[in-house]
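Me: I'd like to go through this fold and ask what each label rests on. Could you set the values against the cut-offs as we go?

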Amino acid sequence: MTDGPPFEEALARLRAALADVANGDVAAIKALYAQTGEDTSFYGWGGYEKGWEQVSRRWDWAGRQFKGGTVRHENLTTVVTSELAYTTDIETFETAMDGMDEPARWSNRVTHVFRLIDGEWRLVHRHANRLEDRYEPADRLARR
């Protein structure tokens with residue numbers, strides 16, 4: 001048991017925040033973060049960020065890409081300890097995107113890591129990348 005709110009509340013806030021992201025609003029997802037130098041992100045569009053300033057700027061950039069749509073989640077794993085929790089999900093967006101005439105649809109495999117900080121579950125890491133079919137590494141690397 002934890003000394004903070006139930007983790008399910010943080011998970012519900014995360015899901016609602018990501019629904020906002022699909023519509024270009026990143027305020028709620030940014031509010032979930034611990035907002036420290038230890039925050040990290042590995043987004044589905046490459047690169048990585050470390051520290052709240054970089055993570056925050058990347059969310060601002062991401063928000064400008066989304067022009068209205070939906071996101072749904074298939075939870076694979078949720079693990080909660082007294083101070084740390086994580087989820088793994090398949091996350092599917094269907095949304096209008098900046099620079100595209102038709103709505104885009106794609107799925108990511110996603111991990112979110114939370115820490116219990118001052119009695120609140122705070123997001124400290126997001127790792128998302130495109131869900132692909134399995135492939136032979138040598139075949140993929142040889143094409144580069």
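Me: Which residue is the bridge partner of His 73 in β4?

Reply: In β4 that partner is Glu 91. Strands here are DSSP runs (E, at least two residues), while helices are H or I runs of at least four, and both are numbered from the N terminus. By the way, this is a predicted model, where local features need pLDDT of at least 70 and side-chain atom pairs count only at pLDDT 80 or more, while totals for chains, interfaces and linings use all residues. Residues are numbered from 1 along each chain as its sequence is written, and side-chain values use heavy atoms, with hydrogens and water left out.

Me: What makes β3 and β4 a pair, and how do they run?

Reply: Two strands pair if DSSP finds at least two bridges between them. β3 and β4 are joined by 12 bridges and run antiparallel. Glu 74 standing opposite Ile 90 in β4 is another pairing to look at. The two strands form a hairpin with 3 residues between them.

Me: How many bridges join β4 to β5, and what sits in the turn?

Reply: There are 12 bridges, in the antiparallel sense. Glu 94 has Arg 105 in β5 as its bridge partner. This hairpin has 6 residues between its strands, and Gly 99 in the turn has a positive phi of about 85°.

Me: Why is β4 called largely enclosed?

Reply: Buried means under 20% relative accessible area, exposed means over 50%, and partly exposed lies in between (1.4 Å probe, protein chains only). In β4, 10 of the 14 residues are buried, so the strand is largely enclosed by the rest of the structure.

Me: What is the strand order of the sheet, and which strands are at the edges?

Reply: It's an open sheet of 6 strands in the order β2-β1-β6-β5-β4-β3, with mixed pairing. The edge strands are β2 (49–50) and β3, since each pairs on one side only. The parallel part includes β1 (residues 40–42) with β6, over 3 bridges. An antiparallel part is β5 with β6, over 10 bridges. Those two form a hairpin with 2 residues between them, and Asp 118 in the turn has a positive phi of about 50°.

Me: Which residues of α1 are buried, and why are they said to be on the same side?

Reply: The buried ones are Phe 7, Ala 10, Leu 11, Leu 14, Arg 15, Ala 17, Leu 18 and Val 21. They cover an arc of only 165° around the axis, which puts them on the same side of α1; the arc is that of the directions from the helix axis to the C-beta atoms. What covers them includes α2, α3, β3, β4, β5 and β6.

Me: How do you know that Ser 56 is buried, and what does its side chain touch?

Reply: Ser 56 is at 11% relative accessibility, so it counts as buried. This residue of α3 makes a side-chain polar contact with the side chain of Lys 30 at 3.0 Å. A polar contact is a pair of N or O atoms within 3.5 Å; within protein, one must be able to donate a hydrogen and the other to accept it, and residues adjacent in sequence count only if both atoms are side-chain atoms. On the face of α3 turned away from its buried side are the exposed residues Glu 53 and Arg 57.

Me: What makes a nonpolar core, and how many residues has the largest one?

Reply: A nonpolar core is a set of buried Ala, Val, Leu, Ile, Met, Phe, Trp, Tyr and Cys residues joined through side-chain atoms within 4.5 Å. The largest one has 28 residues, and those with the most contacts inside it are Leu 14, Ile 29, Tyr 33, Trp 59 and Phe 114. Its largest share, 7 residues, comes from α1.

How values were computed:
Contact means heavy atoms within 4.5 Å.
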